[in-house]
Structure formats: structure tokens, C-alpha cells
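Subject: Structure for you to look at

Hello,

Here is the structure I said I would send. Please open it next to this email and follow along.

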Amino acid sequence: MAAVFTICAALLCVVSAGPVLLPDQYARGVDWLVRYGYLPSPESLGRLQTKESIEESVRKMQRFAGIEETGKLDHPTLELMAKPRCSLPDFISSKNLYKGKTRDRGNLGRYTLTGLSWDKTDITWSMHNFPSPSISPNLKPGLVRLIMTYALKVWSDVTPLRFQRINPSSYGPSPQIDINITFASGYHEDGYAFDGKGGTLAHAFFPGKEDIAGDAHFDDGESWTYGDWSSNSDLFTVAVHEFGHALGLLHSSSKDSIMKPYYYGPVGDMHSYKLSPDDIMGIQTLYGKREDFNPFPSVPAHTTTNLPHFPTSLLPHPTHPQASADRCQGGFDAIANIRQEVFFFRGPHFWRVLHSGSLMSMTPALIHNFWIGLPPEIDRVDAVYERRDGYIVFFSGNQYWVFKNTVCLPGYPRPLAEWGLHTSLGEVPERVDAVFVWPHNGKTYLFSGGEYWRFDETGKERKLEDGYPKLTSVWGIPSHPDDIIGFLDGETYFFKGTNYWTLKRGALDQESASPKSIAADWMKCDILISPHTPEMPK
Ligand code: ZN
Ligand code: CA
Ligand code: ZN
């Protein structure tokens with residue numbers, strides 16, 4: 001008798017307690033539960049939902065989200081239902097997997113598998129289009145590509161998967177490409193319409209043989225951002241989640257999982273983001289663990305580890321005389337393009353700029369706090385470059401160091417003399433001005449005292465090529481550059497003092513003749529003396 005009484009009391013509560021629900025609100029709640037797989041659709045049932053089944057589905061939704069299981073559309077539940085989220089349901093019956101060739105579904109951790117996975121490890125991807133600049137003005141195509149690269153890398157870091165970007169065809173998403181990435185609005189021919197700002201953010205299709213398998217769609221009605229903590233749609237966060245689907249994962253109820261269906265805000269820096277154990281377990285169930293790889297002699301850039309990003313606030317306050325280091329002054333000792341970021345070194349400090357041109361922090365970091373293993377007496381560097389195999393080489397005076405990520409390899413420094421440089425006067429240079437890899441031919445160029453040498457570093461051994469040194473003047477740029485960087489897209493940047501020069505696609509062109517301002521274009525300084533419009537590398 002007591003039990004019956006309790007049940008009655010509970011049912012009464014549904015009706016009488018909690019927020020007063022408008023009928024419309026209630027209907028929308030039920031719609032939501034159907035849409036995300038908690039309730040069968042009324043059509044499929046051939047009758048209306050019962051109060052009991054609705055209450056049960058609300059509990060299921062609350063359990064999955066980790067909030068109190070009241071069975072009521074109470075405030076926390078409605079709040080959750082209003083949250084931006086992924087369009088894919090949280091529960092999918094295998095018959096609903098499109099043309100589902102499903103294998104057994106597992107639910108061993110909290111992660112859920114679709115039962116579908118790619119039967120290969122080399123996966124291709126392509127950007128079909130980019131966010132509308134009018135709605136997402138801060139996300140330039142270069143940055144979007146970088147975000148997608150990192151969001152895929154998160155998954156390949158823990159599996160044998162390898163992702164290769166293919167240039168898109170002009171005809172639209174290509175069936176030959178596994179993961180086509182599209183920004184779309186409203187109805188876009190796949191039955192999952194987008195709804196403008198808020199609501200659904202994105203969705204992706206599970207692995208398979210169909211053209212649409214693996215494709216990821218992002219709502220172009222969202223103002224996508226990166227690195228903005230107040231943002232309601234951080235592209236990196238959402239992309240990591242969607243690529244989880246594109247690889248065969250369903251939503252997870254684990255609190256730390258990126259596969260949670262709701263958007264809880266940005267996960268942070270794409271360079272240092274790591275998957276939760278739940279996500280790692282899920283993806284490794286599908287593809288296995290990543291085998292140890294030998295980083296020597298040559299590792300494609302996508303398999304190298306990213307450099308961590310230190311929030312500047314965590315760094316000790318610089319006490320060096322150059323504490324007031326001003327990024328707008330120019331005169332950098334060394335500039336290097338490392339893992340698609342540009343590092344500007346001056347004295348004991350460095351600044352980081354994303355490939356897209358966004359400055360990662362206005363205040364400098366200390367070289368010694370980040371690059372571990374340089375002797376403390378080294379208070380400046382002459383040149384830095386990322387070698388073809390992903391190792392990073394530092395020069396200071398007549399010595400050089402090789403770093404694996406941010407840690408110096410044992411056995412360094414070694415003498416610069418090892419590089420076998422002899423000037424045209426037969427002297428051995430005491431230091432270098434600039435070193436970079438020219439993307440045009442993959443060779444390493446080393447500049448010192450108005451002359452330069454070319455090295456082939458494609459083999460195990462570094463080879464000095466015949467016919468060098470040559471005069472720097474053939475490049476048509478200042479003869480003693482501070483440093484030089486080459487970008488994958490073929491452009492090369494020469495830096496000297498407060499200026500830089502651009503060489504496009506390996507050719508000396510008119511543009512190389514006119515210097516531009518480092519402060520304005522790279523350091524985001526509001527300078528009035530810059531007459532030209534900033535043009536950032538793409
Ligand atoms: Zn999702
Ligand atoms: Ca939306
Ligand atoms: Zn779609």
C-alpha cells in the first residue's frame with residue numbers, strides 16, 4: 001500500500017511541482033526527446049506517447065547527461081535541452097544507421113560505437129568550403145584548415161590512423177574523399193536541416209561505402225570562433241567531436257568525453273588538447289593503438305608531436321633587463337616556422353603567431369622556460385628552423401642544438417664547424433644569420449655574412465651541396481637577414497630589422513622589392529607609420 005502511495009505522490013509531483021510548463025514548452029520537450037533518440041516517434045508507434053514513456057525518456061536523458069533523474073521537465077532539464085549541441089541522436093537503433101551494415105555494437109566504457117569503422121588507416125579529407133566571413137569574421141580559411149588538421153590529429157595521435165588533406169575539386173564534395181567538410185545552412189540535402197545560430201551546431205556521418213559516409217557538416221549560421229572563451233561555438237571543440245562520429249563513435253555519457261552531445265564551451269588550445277581516457281578507449285576499440293614510430297630519418301609533419309602552449313599567466317614574471325620587451329620593436333634574432341606556427345625570438349624572449357596570423361599572446365615567453373636544455377648562459381639565439389624530419393635546430397654563436405619537440409637531444413651543443421661551411425675567402429663563419437627550409441625544393445639554406453650554402457637533408461646525413469657559397473644578393477633581399485622562414489604554400493619571408501619581404505612560390509617578384517612592417521602584419525601592433533594594408537600569409 002505504501003508503495004502505491006509513493007508512486008501516486010511521484011506522479012502528482014510531475015503535474016503539480018516544478019516550473020509551470022506551457023503546453024508549447026512541453027510539446028517542444030517531447031519533440032526534442034524524439035529527435036535525439038530518447039523516445040520513439042509517434043508515427044512509428046502509431047499512437048501518442050504515454051505520460052509514463054515520456055517520464056521514462058526524461059530520466060534516460062537526465063542519466064545520460066549526468067543530472068538529477070527527476071523524470072520531469074524541470075529547470076536543469078529544460079536548460080540542457082536549450083543548449084547548443086550536435087544534431088546526431090544520443091541513442092540510435094541499428095536499423096536507423098543509414099543503409100546500416102552494422103556489426104555488434106559495444107558499450108564497454110561509456111563510449112558507444114556505431115558498429116561501423118573504416119577498413120583502412122589512410123583517410124583523406126578535404127575542405128569543401130569555409131565559414132561565411134560575414135558571420136565568422138575571425139576564422140580565415142588558413143586558420144580553419146589548421147583547426148581541422150589539429151582536430152583530426154587528436155584522433156590519429158592515439159591510433160594508427162593517418163589523415164591526408166586533398167585539395168577539393170571545384171565540383172563539390174567528392175566521393176573519392178573520405179571526410180568532406182562543409183559549412184551549410186538550413187536544408188542541405190541530407191535530412192538534417194540546420195537551424196541558424198544556436199540549437200544544432202554540426203553533424204557527421206559514420207564510416208561506410210556511401211558517398212556521404214565520413215562527411216562532416218557545420219551550421220554556417222553559427223558564428224564560429226577559435227580561442228574565444230565566451231564563444232558559443234568553438235570550431236576546434238565541435239570539429240574534434242564530429243570527427244569522432246566520422247570515425248565511428250556515437251555519443252558518450254562520460255563527463256570528460258569530447259563525445260558528449262552537448263556543447264559545454266571551448267576545450268582550449270588545439271596544440272595541447274588531448275582526448276579523455278573514455279574517447280581513447282572508444283577509438284582504440286575500433287582501430288587499435290598507435291604503434292611506436294621511429295622519428296628518424298624522416299617523419300611526415302602530421303605525425304610529429306605538437307608543442308605545448310603555456311598560458312602566459314602561468315609563466316614567471318620576467319625579471320630580465322629586457323622585461324619590457326616590446327614585440328612592436330622588430331629586430332628579432334631569429335624567426336622560425338615550427339609546426340605551422342611562427343616563433344619570433346629576441347633576446348631571452350619569444351612570441352608565437354599562428355599560421356593564420358593571429359598572435360597567440362601579447363606578452364613574450366622566456367626561451368628557457370619553454371625550450372628545455374639550452375645552457376643558461378645562452379641569452380639569445382641566432383637562427384632557428386624546423387628540419388624536414390620535424391626536429392628543431394637552434395643556432396647560437398659557433399654552436400648548434402637539436403630539439404625533439406621542446407626538449408634538447410643529448411649530445412648537444414655541437415660545433416657549427418661540423419656543417420663544413422667555408423666562405424669564399426676560405427674562412428669558417430663564427431655564427432649564422434639565418435637558416436630555413438625552402439618549401440619550393442625542400443632544401444635547407446644557411447646564410448652567414450652575405451653568403452649562403454645549400455644542404456640536402458632528405459637522407460640520413462646532412463649533405464652540403466656543391467657550388468656554394470653563393471652571394472645572398474641573388475635573392476634580391478637585404479644581404480644580412482635576421483632570419484628567413486618558408487611556408488608550405490611556397491611563400492618565403494625574409495626578416496630584417498622592422499621589415500619583412502615576401503618571395504612568392506620561389507620566384508623573385510616585384511613584391512619582394514617592397515618591404516612591409518613586421519609590427520603591423522605579424523605582431524598586431526597599432527602602428528600609424530604603416531602606410532600599407534596588412535597582408536598576412538595565407
Ligand atoms: Zn555528436
Ligand atoms: Ca545552429
Ligand atoms: Zn548535413
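How many of the residues of S11 are buried? The count is 6 of 6, so strand S11 is mostly covered. Please keep in mind that this is a predicted model.

I start with that strand. S11 spans residues 349-354. His349, Trp351 and Val353 point one way from the strand, while Phe350, Arg352 and Leu354 point the other way. As a general rule, side chains in a regular strand alternate between the two faces of the sheet.

S11 belongs to an open sheet of 4 strands in the order S9-S10-S11-S12, paired antiparallel. The edges are strand S9 (334-338) and strand S12 (365-366); each has a single partner strand, so one side of each has no neighbour in the sheet. Between S10 (residues 341-346) and S11 there are 6 bridges, and Glu341 stands opposite Leu354 of S11. These two strands form a hairpin with 2 residues between them, where Gly347 takes a positive phi near 55°. S11 and S12 are joined by 2 bridges. In S12, Leu366 is the bridge partner of His349, and Ala365 is the bridge partner of Phe350.

Next, the metals. The zinc ion (ligand 1) is coordinated by Cys86 (SG), His241 (NE2), His245 (NE2) and His251 (NE2), at 1.9 to 2.2 Å. The angles between its 4 donor atoms run from 103 to 116°, which makes the arrangement tetrahedral. Along the chain, the zinc donors follow the spacing C-x154-H-x3-H-x5-H. His241 sits in helix H7 (residues 235-246), and His251 is 10 residues away, in the loop between strand S8 (249-250) and helix H8 (277-287). Both His241 and His251 are buried.

For comparison, the ideal angles are 109.5 degrees for four tetrahedral donors, and 90 or 180 degrees for six octahedral ones. Gly198 lies in the loop between S5 and S6, whereas Asp219 is in strand S7, 21 residues apart from it. Asp219 counts as buried because its relative accessibility is 0%, and the cut-off for buried is under 20%.

Now the nonpolar cores. The largest one has 49 residues, and those with the most contacts inside it are Met148, Trp155, Phe218, Phe236 and Phe243. Helix H6 (141-156) is among the elements that give two or more residues to this core, and its share, 10 residues, is the largest. Leaving aside neighbours within four places in sequence, Phe243 is in contact with Met148, Ala151, Leu152, Trp155, Ile179, Ile181 and Ala216. Another core of 29 residues lies apart from the largest one, and Phe395, Leu421, Phe436 and Trp453 are among its members.

Last, some totals. The protein has 11 helices and 26 strands. Of its 538 residues, 52% count as buried. The accessible surface comes to about 25,200 Å², and 56% of that belongs to carbon and sulfur atoms.

Regards

Technical notes
Residues are numbered from 1 along each chain as its sequence is written. Chains are lettered from A and ligands numbered from 1 in the order in which they are written. This is a predicted model: local features need pLDDT of at least 70, side-chain atom pairs count only at pLDDT 80 or more; totals for chains, interfaces and linings use all residues. Side-chain values use heavy atoms; hydrogens and water are left out. Donors are N, O and S atoms within 2.8 Å of the metal (3.2 Å for Na, K and Ca); water is not among the atoms, so sites may look incomplete. Four donors count as tetrahedral if all angles lie between 85 and 135 degrees; four count as square planar and six as octahedral if opposite donors are over 155 degrees apart and all others between 65 and 115; anything else is irregular. Buried means under 20% relative accessible area, exposed over 50%, partly exposed in between (1.4 Å probe, protein chains only). Two strands pair if DSSP finds at least two bridges between them. A nonpolar core is a set of buried Ala, Val, Leu, Ile, Met, Phe, Trp, Tyr and Cys residues joined through side-chain atoms within 4.5 Å. Contact means heavy atoms within 4.5 Å. Accessible areas come from the Shrake-Rupley method with a 1.4 Å probe; for residues, only the protein chains shown count as cover.
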